Amino acid sequence: MIRVQNLTKYYGERLAVDDISFNVEKGEILGLLGPNGAGKTTAMRIITSFLMPTRGDVWVADCNMAENSLEGRKHIGYLPEAIPLYTDVTVRSYLEFAGRIRGMDRNHVKTRIDDVVELCRLEEYIDVLIGKLSRGFKQRVGVAQAIIHEPEVMILDEPTLGIDPIQVSQTRQLIKDLGKEHTILLSSHILPEVSMTCDRVVIIHEGRIVAEDKIENLSTIIKGSRSIRLEVRGPTGEVTAKLSNIEGVQQVRYKEPHHFVDCPPEQDLRPKLMEAIVQGGWVLLGMESVEMSLEDIFLELTTDEYDDDEEDIFVEDEGDVEA
Amino acid sequence: MRNIGLIASKEFRSHLTSPMAYIVIFVFLLITGTFFSTYLTGTGYTDTSIAGFLSPGNLLLLLFASVLTMRLLAEEKKMGTWELLLTAPVRDSEVVLGKFLGSMGILLSMLALTLYYPLLLVWFGDPDIGPIVTSYIGLILLGSSAMAVGLFASSVTSNQIVAAVISGVILFALWFLGSAATLVPANIGELLAYISLMGHFYDFTMGIIDTRAIIYYLSIIALFLFFTIRSIETGRWS
């Protein structure tokens, strides 16, 4: 449904998207995952033809977006990151405009608005000015305008950004439901969101694709190893060195205040680790075996460029996992 | 055509829901009305005409065209609605023409509200109808040109105030070029006089319909609408 080939985009001198290629099959929900500034929004803007690529091609519903973009745009429902809406009109008249501008006739729009409003649970707000709605409801109006013309392809840029946890889970459910009939490309910097809603994920970092696979497979890429999290009171460098020397240990990483020891899954190294720490005369405050999550996979894939700032992105969203 | 109509009617309605259009129309009527009546009752009175309305009317029209058009594209860019409009199956030219015609609607409504000046003249006196009709044609052409310039200014920035300043500068430069004509060598002066918005307008107030003037204003409109479309395209490539 969506085919992206060798897409490259420069903003002046700055390279925003670097030679990315991927496909989204009919009926699939594909997640574009990456930290802020990875190039997700730029890629989506090119797919929707808001921006022209420096190089590369995009096809949507078999229309080349450079040559036949007007035809291609008819098949796309787009929700940009900022949820752009006219604030001086009511929900109804906005949806009417959104439908008509995408080629629907007046009567069709009228009946379709009722369906869409019900689907997005906006019934009570249909005659309210958009400017008076809260962010969560604006977001629903944003989704409503993206599906009003029953597009085959939906492109959702950070669809749950800035709304409260209850609405986040409602929105994810809505996306899953929509995914039964539409082809969806969504972007997110939140791993749990992608793993909950998407069939497949493309991970982007600094404009490049660093991994692309089904959610299940991505976990098994790294499933070959397992991690033990230690909290040790002692000189960090020495502890790391000593633990690294233990037979079977693949890698020791330190992330304040924990040491992470990667080891093969068939081997339980905990007694050896314990022994080493006692030998060193340090204090063991905690030890726990952790499964590699998508977060870890992401770190693994982009480990050379990884720094503390990016970690914050994931930490702030941990609350969402339970929501 | 359908899309142009859709955007134009949306734009016209959006003007009517914002206070700006009402303020502009109110101030326009207040100032031109004052000048119109003082002209007729004052000592400078020489003929039964709408000259009193026209003398501030033409400059006010330039000013208010900037104010009315400054938000057309700049606001959409700021709000991000621009992104939805440009990804809808609509040509860039349709967006531009729709916005232009929607604002023209406001301009025509504003001018229609001034029609009671000539009606008063007809009621109480015996004015020469010809120059009145041509003056209105001139005002419509002048106002449309100013709106095309304003639309262009609005396309190059997402800040409404900057847009208004840009269009103000372009319009007043075009307006006063004619005045500078006497300061430079004759052949350059003639050129300046020709591209001046002001020079062509005065023919209309005297009851003259000069095809050159009509072509001039239509060219200004076409040129700036074209610039606007190109400016949008440039945005996609940047």
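Modeller: Chain B and chain A bury about 2,500 Å² between them, with 63% of it on carbon and sulfur atoms. This is a predicted model, in which local features need pLDDT of at least 70 and side-chain atom pairs count only at pLDDT 80 or more, while totals for chains, interfaces and linings use all residues. Residues are numbered from 1 along each chain as its sequence is written, chains are lettered from A and ligands numbered from 1 in the order in which they are written, and side-chain values use heavy atoms, with hydrogens and water left out.

Biologist: What makes the 2,500 Å² a buried area?

Modeller: Buried area is the accessible area (1.4 Å probe) that two parts lose on being put together, summed over both. The figure of about 2,500 Å² therefore covers chain B and chain A together. In contact terms (heavy atoms within 4.5 Å), 25 residues of chain B meet 27 residues of chain A.

Biologist: Why is the pair Arg45(A) and Glu83(B) called a salt bridge?

Modeller: The rule asks for a side-chain nitrogen of Lys or Arg within 4 Å of a carboxyl oxygen of Asp or Glu. The closest N and O atoms of Arg45(A) and Glu83(B) are 3.0 Å apart, so the pair qualifies. On the side of chain B that touches chain A, the elements giving two or more residues are α1 (2-17), α4 (71-79), α5 (81-87) and α12 (211-237) of chain B. The residues on that side divide into 11 nonpolar, 8 polar and 6 charged.

Biologist: How do you know that Lys74(A) and Glu71(A) form a salt bridge?

Modeller: Their closest N and O atoms are 3.5 Å apart, and the limit is 4 Å, so this pair passes as well. Both residues lie in helix α2 (residues 69-74) of chain A, 3 residues apart, about one turn of the helix. Over all chains, the search finds 19 salt bridges.

Biologist: What makes β9 and β10 of chain A a pair of strands?

Modeller: Helices (H or I, at least four residues) and strands (E, at least two) are DSSP runs, numbered from the N terminus. Two strands pair if DSSP finds at least two bridges between them. Strands β9 (residues 200-205) and β10 (residues 208-214) of chain A have 6 bridges, so they count as paired, in the antiparallel sense. Val202(A) has Glu212(A) as its bridge partner in β10(A). The two strands form a hairpin with 2 residues between them, and Glu206(A) in the turn has a positive phi of about 50°.

Biologist: Why are β2 and β5 of chain A at the edges of their sheet?

Modeller: That open sheet of 4 strands has the order β2-β1-β4-β5 (chain A), with antiparallel pairing. β2 (14-24) and β5 (63-64) of chain A each have a single partner strand, so one side of each lacks a neighbour in the sheet. Strands β1 (residues 2-11) and β4 (residues 55-60) of chain A are joined by 5 bridges, and Thr8(A) has Arg55(A) as its bridge partner in β4(A).

Definitions and conventions:
Ala, Val, Leu, Ile, Met, Phe, Trp, Tyr, Cys and Pro count as nonpolar, Asp, Glu, Lys and Arg as charged, and the others, Gly among them, as polar.
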